[in-house]
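Trainee: Can we go through this one together? I'd like to start with who touches whom.

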Amino acid sequence: MTTAVSISFTRRCVVAGLAVAAASTAVSPADMARAQTKQTAPDKSLYERLGGVFAIAAVVDHFSDAVVKNPIVGKKSKNPQLRKWHTKNLQRLPGLKFMRTLWVCDVSGGPFKFVATRPGATPLGLEEAHRDLRISPAEFDEVAAELGRTLDHFKVPKAEKTEVLEAFAAHKDEVTEGYVKKG
């Protein structure tokens, strides 16, 4: 089994590197060496700060079960496609949990590569996997709220929780692409 390794350059790393370069004319070589070592050391990735694959898998497991039980987007959803998925396709839930875990590991800078079973427009695109579910923006927001509650359950620190929710929200247009507004 092979895993892909990705290197994540955060804005903070880039800004720190630029700051070190700009300051090089104003400080001594010894100060510069210390500053460069301190400033350019990469921050831990979100993947590492979340605790790696096992912690992410635990969150995904809890989150996935909570979505199934959620009255707005789960078994009792008013959306017939979501209701059907959460009542008639639950034998696929273990595989979905696995794919969600890979997706979160990939998007958070971890060493695992997500490959969609129904590829979207980008490697991490979700539009094709969700198109037939006709997820509305409000339903997407409820799933995001469920994710927030799950992160709270696991006491994920505020900064990491915000990053996870921002990464999730960045895919809202893809996930809701199949929604057809009524009226």
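Mentor: First, a term: contact means heavy atoms within 4.5 Å. Also, this is a predicted model: local features need pLDDT of at least 70, side-chain atom pairs count only at pLDDT 80 or more, and totals for chains, interfaces and linings use all residues. Residues are numbered from 1 along each chain as its sequence is written, and side-chain values use heavy atoms, with hydrogens and water left out.

Trainee: Okay. Which residues is W85 in contact with, leaving aside neighbours within four places in sequence?

Mentor: L90, R92, L93, L96 and L133.

Trainee: And where does W85 lie?

Mentor: In helix α5. Helices here are DSSP runs (H or I, at least four residues), strands too (E, at least two), numbered from the N terminus.

Trainee: Is W85 buried or exposed?

Mentor: W85 counts as buried, because its relative accessibility is 14%. Buried means under 20% relative accessible area, exposed over 50%, partly exposed in between (1.4 Å probe, protein chains only).

Trainee: Why would residues a few places apart point the same way?

Mentor: An α-helix has 3.6 residues a turn, so residues three or four places apart point the same way.

Trainee: New topic. How many aromatic pairs does the structure hold?

Mentor: One. F140 and F168 are stacked, 4.8 Å centre to centre, with 25° between the planes. Rings of Phe, Tyr and Trp (its six-membered ring) pair if their centres lie within 6.5 Å; planes under 30 degrees apart count as stacked, over 60 as edge-to-face and the rest as tilted.

Trainee: Where do the two sit in the chain?

Mentor: F140 is in helix α8 and F168 in helix α9 (residues 158-169), 28 residues apart, so the pair links distant parts of the chain. Both F140 and F168 are buried.

Trainee: Last one. Where does S45 lie?

Mentor: In the loop between α2 (29-40) and α3 (46-50). S45 is buried, at a relative accessible area of 13%. Beyond its neighbours within four places in sequence, S45 is in contact with S108 and G109.
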